[in-house]
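Subject: Structure for you to look through, with notes

Dear colleague,

I am handing over the structure that we spoke about, and I would be glad if you could look through it with these notes beside you. Please open it first and then read on.

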Amino acid sequence: MKQSLGIYIHIPFCIRKCNYCDFCSFPGSGEDLMRDYTRELCRRMERDLPSPELYEVDTVYFGGGTPTLLPLDCLEDILHILRSHTDLSPTAEITCECNPATVDLAYLRALRCMGINRLSIGLQSVHDRELLALGRLHSFSDFLATYRDAREAGFENISVDLMYGIPEGTLESFRKSLHALADLAPEHISAYGLKIEEGTAFARMKDSLSLPDEDTEFEMYLSMTEILSAHGYRKYEISNFSKDGRQSRHNLRYWKRQDYLGFGVAAHSCFDGVRFGSSRDMKGFLAGKDITEERYSLSEEEAFEEWVMLGLRLAEGLDGEEWSRRLGRSPKSALPSLRTYIDRGFMTEKDGRYSFTDKGFFVSNTILAELLSDCEKNC
Ligand code: SF4
């Protein structure tokens, strides 16, 4: 039987850099560079895609950057390589990230015609003053136009990104963003807390930024679960909510440690037990250099830690039996902090599975560090 595989394709072009962004993207790139990049990307895909005899591709994700800045024929070329060099499942989930105001109805119709069946739109906030503070180039009404065009073009699976804990943001404004977005009923919503990353515009202005305090962020996180649940969404991952059956199949691969191959600059892969990432060096990429960074096979211990960390991001949590098997004894007896967190309402044990509660999700990094330190001491 063939193994299932996901493909990630990084399109590193943006109109301008947002204030918080540390993704690998090259703002202000012209069409010539995008065409050169596509040509090299296709060459590498032809060379490196694994045999269609062995793998069936059932998720594809165009991420960025802003993939919808690519000329349509470039996207078509990439999809052509995928179709001709892999066994692309007829039911594959094929997602394209998209920024409001970078596409029109004709562009979206063309995406749909070429087989892209899921759109992930970066909104971040419904308040124009917050969008301005984030350095986004679009307004809420731009988003509404893109969203309506996407529906008209036939997209029946749309995800929208929001952010919280942002400059100018308050609990009330975030709640309004959640209500306004949920009223539109996209199939999927991701909402991430702002992190100030090194090298970003926000890192340079850090001292002058007025950000919500941690208690407010906690309230925001709880509001998210409350409001989205009331609108029929289910939290299936720490920051991701979906209507029934509309979880991101591609992103679930990452959290379930299933195989995926990334193509393009700064793309990461996890394939056959080995993790590796390609360099951010655009010049080297275009010159055909293979610069692989961070190539490593996980030791048994690292694979276990990763299994715990990724598995607990999911609302379904970890299977207690599997955990016992890996630990050599029951998790509650091996990990004293697990008992404490269950007693204090940060974690639950239900139907033989361990998972975070809503308040546990918010402080999950701290809890995970303690659980893993227990593992090191006792296992
Ligand atoms: S559009 Fe996305 S990838 Fe581009 S700069 Fe903004 S956040 Fe980064």
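Into which domains is the chain divided? There are two of them, domain 1 (3–254) and domain 2 (299–379). Please keep in mind, as you read, that this is a predicted model.

Taken over C-alpha atoms, the centres of domain 1 and domain 2 are separated by 30 Å. Where the domains touch, eight residues of domain 1 are in contact with seven residues of domain 2. On the domain 1 side, the elements that contribute two or more residues are α8 (214–230) and β9 (234–237), and the largest share, four residues, comes from α8. By type, the residues on this side of domain 1 divide into five nonpolar, one polar and two charged.

Strand β9 is also part of a hairpin, which it forms with β10 with two residues between them. The pairing of β9 with β10 (residues 240–242) is antiparallel and runs over three bridges, and within it Lys 235 stands opposite Phe 241 of β10.

The largest nonpolar core has 83 residues, and those with the most contacts inside it are Ile 7, Ile 121, Leu 162 and Ile 189. As general background, nonpolar side chains tend to be buried together in soluble globular proteins.

Apart from its neighbours within four places in sequence, Leu 162 is in contact with Leu 123, Gln 124, Ser 125, Ser 177, Leu 181, Ile 189 and Ala 191.

**The surroundings of the ligand**

Which residues surround the ligand? They are Cys 14, Lys 17, Cys 18, Cys 21, Phe 23, Ser 25, Gly 64, Gly 65, Thr 66, Asn 99 and Gly 122. This shell divides into four nonpolar residues, six polar residues and one charged residue.

Is Gly 65 buried or exposed? Gly 65 counts as buried, because 25 other C-beta atoms lie within 10 Å, and the cut-off for a buried residue is 20 or more.

**Two residues with positive phi**

Gln 124, which was named above as a contact of Leu 162, has a positive phi of about 80° although it is not a glycine. Gln 124 is found in strand β6 (residues 118–124) and is buried, with 27 other C-beta atoms within 10 Å.

Arg 257 is not a glycine either, and its phi is positive, at about 60°. Arg 257, however, is found in the loop between α9 (249–255) and β11 (260–263), and it counts as partly exposed, with 16 C-beta neighbours inside 10 Å.

**Strands and sheets**

Strands of a sheet pair through backbone hydrogen bonds, either parallel or antiparallel. In this model, an open sheet of three strands has the order β15-β17-β16, with antiparallel pairing. Because β15 (318–319) and β16 (347–350) stand at the edges with a single partner strand each, one side of each is left without a neighbour in the sheet. The antiparallel pairing of β16 with β17 (residues 353–356) runs over four bridges, and here the bridge partner of Glu 349 is Tyr 354 in β17.

Another antiparallel pair, also over four bridges, is made by β13 (residues 274–278) and β14, where Ser 278 has Thr 292 of β14 as its bridge partner. How many of the six residues of β14 are buried? The count is zero, and the strand (residues 292–297) is hardly covered.

With best wishes

Key. Residues numbered from 1 in each chain as written. Predicted model: local features only at pLDDT ≥ 70, side-chain atom pairs only at ≥ 80, totals over all residues. Core = buried A, V, L, I, M, F, W, Y, C linked by C-beta atoms within 7 Å. Buried ≥ 20, exposed ≤ 12 C-beta atoms within 10 Å, placed from the backbone. Domains from an automatic or database assignment. Nonpolar A, V, L, I, M, F, W, Y, C, P; charged D, E, K, R; others polar. Near = placed C-beta within 6 Å. Pairing = 2+ DSSP bridges.
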